[in-house]
Amino acid sequence: MLCTRLTNARFLTMDPDHPVAHDLGIWRGRIVGLDEAVTSLPAREVTDLQGATVLPGFVDAHVHLAWTGFKQNTPSIAGCTRVDDVLARVEEAVTRRGSPGTWVSIAGYDQRALGRHLTAAELDEVSHGHKLYVMHDSGHGCVVNSAVLDLLPAGVPHENGFLAEGAMGAARALRLPYAQEELAEAIGRAVRTCLAEGVTACAEAGVGGSLLGHSPVELGAYQLARDKGLLPLRVQLMVAADTLHPVAAHERDGIPRALDLGLRTGFGDDRLSVGALKIFTDGGMMARTAALTAPYEGLDHAGQLQDDPDVLAGTIVDGHLAGWQLAVHAIGDRAADVALDALERAQRLRPRPDARHRIEHAGLIRPDQLPRFARLGVTAVVQPNFLRYFGDDYAAIMGEERAPWLYRGRAFLDHGVPLVGSSDRPVTDGSPLRAVQFMVERTSASGRTIGPGEGITVDEALHAYTVAGARACHWEDDLGSLTPGKRADLVVLGDDPRRVDTARIGDIEVVQTYVDGHATGRPAA
């Protein structure tokens, strides 16, 4: 007897052997058959989906769950376009805190809305004895007041209180880590948002590190969230590369640096596991710290690498030698050069054909870099909603020649490079459907078309958020398509993305999300 049979729906299976179905049978959390194979079988529960469209649950291959959850509960200055309004909101948040001397965090900071960065002196005027930490929306910078600057080690660079990249990490290090209980609650809040958007599996893009980590025992917080029932989807944890340390392993192992006990990609189970090693090579476009080979339009600099290229390459090679899948953050084309050079060297030293190394973001990729991606078997994990919401700005700072190279789609596929969709939430909107819409039409929220030649089909965009996302996370045996034997992770939609006008895809209702055959959130219509 089936546990559940879902019927009267249009199942878009993403499986070329059985692309469309009308019935789907579930037993003990797995899909056991489609259509006639299950239609006549008895089931404990039969759910009539009343003609809805059903897809495999979306895989978001690059998210920040804890950051998302904390940001949802942090005072925000998002939407402010005047410095005076920002300072008024900051002061309001400060006055709600207790005794002076405590830390006050502010979210939603983006200097582009103000035309310039805030300064420490301005924050001093409204800090009232507190330590202020104003987080840039990109995650690659912050502004602090003088009370924080005075505590920083000598030589930490800043620009009137704005700290970028590693300097931001120095400010974060001054604060106590979050407690695991706090982290678990924040993770739970973020997970509920993911499920509401049809995401059933995701990869947390860096735990335990100095840049975006929240605790040296952050992995334990995810275990606690699971124990408390706050993790009703699948999560793979990327480990920040700065957590590696030299190990005295046997010389035949050839492992120069590792986590304790040799922990690496693949440890865990189908609900919570260790994924790739996250390695930062540059910053972000919003903060103008993505490393380019030519300066930003209108600026006299080309961003920055996170460290000396040889140091970055050494970390990439050591991670490969230690058996990790690598997720290399590289937004600018110069950073991509560093990443590709190091990955090529690593594969030369110890060939691992199915390592499935990834470049996260791949925000600006020159035409000459595309064949290298393909030759090295590197996956491109992109964030289409970056251009949907920030595309006008990104196109302007790249200029006419480079704008078509932003967050590519068609060029990757045409070169045989696996294309994976993701959100990088909470940097911007996490909706897979809105991202799918952009990948097809390449139109920003203002209506500007950016790199129209990079547009792909709806089927290809859905593939990027299902089949390709699962494979990038080594989940292809269990997730990514509605194939018998795989996990019954599904998303029920109010319309078919392949049949509506492209401009309507992002507004399709997510009616219900299933994980292991169990409905989460509100019941299906």
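**Sheets and helices**

Modeller: Leu163 in E12 is the residue that Cys142 stands opposite. E11 and E12 pair in the antiparallel sense over three bridges, pairing being counted when DSSP finds at least two bridges between two strands. The element names follow DSSP runs numbered from the N terminus: helices are H or I runs of at least four residues, and strands are E runs of at least two.

Colleague: Before we continue, how were the residues numbered, and what pLDDT do the local features need?

Modeller: The model is predicted: local features need pLDDT of at least 70 and side-chain atom pairs count only at pLDDT 80 or more, whereas totals for chains, interfaces and linings use all residues. Residues are numbered from 1 along each chain as its sequence is written, and side-chain values use heavy atoms, with hydrogens and water left out.

Colleague: In what order do the strands of the open sheet of four stand?

Modeller: The order is E9-E10-E11-E12, with mixed pairing. E9 and E12 (162-164) are at the edges with a single partner strand each, so one side of each has no neighbour in the sheet. From one strand to the next, the twist averages 25°. H3 packs on this sheet, where it touches E9 and E10, and its direction makes about 145° with that of E9. Axes are lines fitted to C-alpha atoms, for helices over the stretch in contact, and angles run from 0 to 180 degrees between N-to-C directions.

Colleague: And E10, how many of its residues are buried?

Modeller: Six of its six residues are buried; buried means under 20% relative accessible area, exposed over 50%, and partly exposed in between, with a 1.4 Å probe and protein chains only. Lys131, Tyr133 and Met135 point one way from E10, while Leu132, Val134 and His136 point the other way. In a regular strand the side chains alternate between the two faces of the sheet.

Colleague: How does E10 pair with E9 and with E11?

Modeller: E9 and E10 are parallel, with five bridges, and Trp103 stands opposite Lys131. E10 and E11 (residues 141-144) run antiparallel and are joined by three bridges, with Met135 opposite Cys142. The hairpin of E10 and E11 has four residues between the strands, and Gly139 there takes a positive phi near 80°.

Colleague: Back to H3, then. Which of its residues are buried?

Modeller: They are Val83, Val86, Leu87, Val90, Ala93 and Val94. Viewed down the axis of H3, these buried residues lie within an arc of 120°, so they line one face of the helix; the arc is that of the directions from the helix axis to the C-beta atoms. The face turned away from the buried side carries the exposed residues Asp84 and Thr95.

Colleague: What do the buried residues of H3 pack against?

Modeller: They pack against E9 (103-109), H4 (111-114), H5 (120-127) and E10 (131-136), contact being heavy atoms within 4.5 Å.

Colleague: What is the reach of H3 from its first C-alpha to its last?

Modeller: H3 (residues 83-95) has 13 residues and reaches 18 Å, close to the 18 Å expected at 1.5 Å a residue. The expected span is 1.5 Å times one less than the number of residues. H11 (residues 333-349), with 17 residues, reaches 24 Å, close to the 24 Å expected. The cover over the buried residues of H11 includes H10 (309-321), E18 (326-330), E19 (358-361) and H12 (370-376).

Colleague: A change of topic: at what angle do H13 and H15 pack?

Modeller: H13 (residues 384-402) and H15 (residues 432-441) pack at about 80°, with their axes 8 Å apart. That makes H13 roughly perpendicular to H15; the cut-offs are under 35 degrees for roughly parallel, over 145 for roughly antiparallel, 65 to 115 for roughly perpendicular, and oblique for the rest. The residues of H13 that meet H15 include Leu387 and Tyr389, and those met in H15 include Phe438 and Met439.

Colleague: What is the strand order in the open sheet of six?

Modeller: The order is E3-E2-E7-E22-E23-E24, with mixed pairing. E3 (20-21) and E24 (518-520) are the edge strands, each pairing on one side only. E2 (residues 10-12) and E7 (residues 53-56) are parallel over two bridges, with Phe11 opposite Val54. E7 and E22 (residues 490-493) are antiparallel over four bridges, with Pro56 opposite Leu490.

Colleague: Lastly, is Asp260 buried or exposed?

Modeller: Asp260 counts as exposed, at 56% relative accessibility. Asp260 is placed in the loop between E16 (257-258) and E17 (272-280).
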